[in-house]
Amino acid sequence: MSLTWAVFEILGTVAFAFSGAAVGLTRGMDVFGIALLSVVTAVGGGILRDVLAGIFPPFALRGPDGIIFALMTAAAVCIGFRHFHIPRRGRKLVLFAYRVSDTAGLAAFTVTGAMAAIDSYPGYRYVLPVLLGLITAVGGGILRDVLAQKVPVVLYEDVYA
């Protein structure tokens, strides 16, 4: 794994873990629910990508790194949100942080998804890297929203993917 891949993987994992934890908090979930949403959002798209590309076992299940980063992020978000009272004006800042983290996760996982396709199947240069990048980027968010009983953001947000 190259350094670039590792940096994007960590950036995407933490960003999506934050967005999963934020959704869990806004939906009034307990610590387990927040942690679950955080982990599913952080590694779910990569697992979907790997399964569809025939990569077994999926990268996220080969080591604990992604899950540990997601759980640490969920814990930090829970502690931060529980101990600090956020005034009404501050909620806009939280929404902004959620959107920034979701955007960073989309960007990072689009790159890692396309790189995984190119590394695994070098003969396929167009459709496979684009679709696996897309699935990696939006898969975890779709799983997060379905588990949180929301319409997935990718289905109604302007040019989300």
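Asp 145 and Arg 144 are both buried in this predicted model, and the two form a salt bridge, with their closest N and O atoms 2.9 Å apart. Follow the shared partners and you find that salt bridges join Asp 102, Arg 144, Asp 145 and Lys 150 into one network.

The salt bridge count for the model is four. One of them pairs Arg 49 with Asp 50, at 2.8 Å between the closest N and O atoms. Arg 49 is buried at 3% relative accessibility, and Asp 50 is buried at 0%.

Back to H5 itself, which covers residues 127-147. At 1.5 Å a residue, its 21 residues should span 30 Å, and the end C-alpha atoms are 29 Å apart, so the two agree. Still, H5 has a kink of about 35 degrees, centred on Val 138. Val 138 is among the buried residues of H5, as are Gly 139, Gly 140 and Gly 141. Just past the helix, Gln 149 takes a positive phi of about 55 degrees.

What about the surface? Val 130, also in H5, is exposed, with a relative accessible area of 58%. Together with Tyr 126, Val 127, Leu 131 and Leu 134, Val 130 forms a nonpolar surface patch with about 540 Å² of accessible area.

Note on methods. Residues numbered from 1 in each chain as written. Predicted model: local features only at pLDDT ≥ 70, side-chain atom pairs only at ≥ 80, totals over all residues. Heavy atoms only, no water. Helix = DSSP H or I, 4+ residues; strand = E, 2+ residues; numbered from the N terminus. Expected span 1.5 Å × (residues − 1). Bend = angle between axes of the 7 residues up to and from the residue. Buried < 20%, exposed > 50% of the residue type's maximum accessible area, 1.4 Å probe, protein only. Patch = residues over 30% accessible without salt bridge, like charges linked within 9 Å, V, L, I, M, F, W, Y side chains within 5 Å. Areas by Shrake-Rupley, 256 points an atom, 1.4 Å probe, with all protein chains shown as cover. Salt bridge = Lys/Arg side-chain N within 4 Å of Asp/Glu carboxyl O.
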